[in-house]
Amino acid sequence: MLIKGGNTSEIVTRALKDIYSLKKPNAVLYKKKNITRPFEDQTSVEFFSKKSDCSLFMFGSHNKKRPHNLIIGHMFDYHVLDMIELGIEKFDGLRDFKNSKSAEGSKPMLIFAGDLFEIDNNHKRLKNLLIDFFRGPTVPNIRLGGLEIVLHFTAFAGKIFMRSYKVLLKKSGCRTPRIELEEMGPSFNFVLRRTHLASDDLYKKALKQPKALKAKKKKNVSQDVFGTTYGRIHMEKQDLGKLQTRKMKGLKKRRVKKVVDDEAESSPKKAKVE
């Protein structure tokens, strides 16, 4: 959800609208002004989170002390988990780039450059926030033509640079197309300001998945490198003598008739004497 503060500048208003355009239809934009300060009072943000059933938020505001301000944050159980404040130093919107835009609902590819995203704890949490905010819904498959947007984030010299590109698939003379990137906006130069991070214990609790969502491991089932599934079946030892076969006349068991020679039984044979 994207929330407009009580006092905003034209840059903040345009920034919220452009980010909403990238997120549609998986976002809610509140156009009315909301007089609240998330770092001082979080009740309003938690109310909107429960109302719209959103776990991520972006709040835009502007004042003399912190001009052109954006706050991006996580929610856990409808309570603020962590949030980071970013100041906009330079902004170029979608309308500043005179080219075609991507289709609504496109899933972006995210690229992060800079050692700070791997070393500094604040930048690590910011990276996690940006991934959750922009990655979109989880899908099992995606076609090559659906990869239309690249969002590139660079951390350098205490600033974060965000650039948005449209992927152009050109003819290459072979099956794999040639890829070109064309900047389409929005483009931001951010500076990191205040942070409100959750404790490590609470953060681990928020990352814990319910048992119902965890995939159960199936016994005696394996897959090879090509994705073929193999299953092992355990059976008892079979008695082939009781095996039911097709009924045929030639396979029927015949009763053996015992011929009893009463005379042979009563008088044994006498040997001839010559």
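Helices (H or I, at least four residues) and strands (E, at least two) are DSSP runs, numbered from the N terminus. This is a predicted model, in which local features need pLDDT of at least 70, side-chain atom pairs count only at pLDDT 80 or more, and totals for chains, interfaces and linings use all residues. Residues are numbered from 1 along each chain as its sequence is written, and side-chain values use heavy atoms, with hydrogens and water left out.

**Helix H1**

Helix H1 covers residues 10-23. The expected span of a helix is 1.5 Å times one less than its number of residues. For the 14 residues of H1 that gives 20 Å, and the end C-alpha atoms are 20 Å apart, so the two values agree. Several H1 residues are buried, among them Val12, Leu16, Ile19 and Leu22. Buried means under 20% relative accessible area, exposed means over 50%, and partly exposed lies in between (1.4 Å probe, protein chains only).

**Salt bridges**

Side chains of opposite charge can pair when their charged atoms come close. Here a salt bridge is a side-chain nitrogen of Lys or Arg within 4 Å of a carboxyl oxygen of Asp or Glu. By this rule the count comes to nine. Three of them are listed below.

| Pair | Closest N to O |
|---|---|
| Arg14 and Asp96 | 3.1 Å |
| Glu85 and Arg194 | 2.9 Å |

Arg14 pairs with Asp96. This bridge links distant parts of the chain: Arg14 sits in helix H1, Asp96 in the loop between S5 and strand S6 (109-113), and they are 82 residues apart. Arg14 has 18% relative accessibility, so it counts as buried. Asp96, at 39%, counts as partly exposed.

Glu85 pairs with Arg194. Again distant parts of the chain are linked: Glu85 is in strand S5, Arg194 is in strand S10, and 109 residues separate them. Glu85 is buried, with a relative accessible area of 0%. Arg194 is partly exposed at 25%. Salt bridges that share partners join Glu40, Arg66, Glu85 and Arg194 into one network.

**Backbone features**

Most residues other than glycine have a negative phi, and most peptide bonds are trans. Which peptide bonds are cis? One runs from Lys24 to Pro25, with omega near 0°. Pro25 is in the loop between helix H1 and strand S2 (29-34). Another cis bond runs from Gly185 to Pro186, also with omega near 0°. Pro186 lies in the loop between S9 and strand S10 (187-196).

His68 has a positive phi, near 50°, and is not a glycine. His68 lies in the loop between strand S3 (56-61) and strand S4 (69-76). Tyr78 also has a positive phi, of about 65°. Tyr78 is found in the loop between S4 and strand S5 (79-92). The relative accessible area of Tyr78 is 33%, which makes it partly exposed.

**Nonpolar surface**

Leu144, Leu169, Ile179 and Leu181 make a nonpolar surface patch of about 380 Å². Leu181 lies in strand S9 (residues 178-183). Patches are made of residues with over 30% relative accessible area and no salt bridge; like charges are joined within 9 Å, and nonpolar side chains (Val, Leu, Ile, Met, Phe, Trp, Tyr) within 5 Å. Accessible areas come from the Shrake-Rupley method with a 1.4 Å probe, and for residues only the protein chains shown count as cover.
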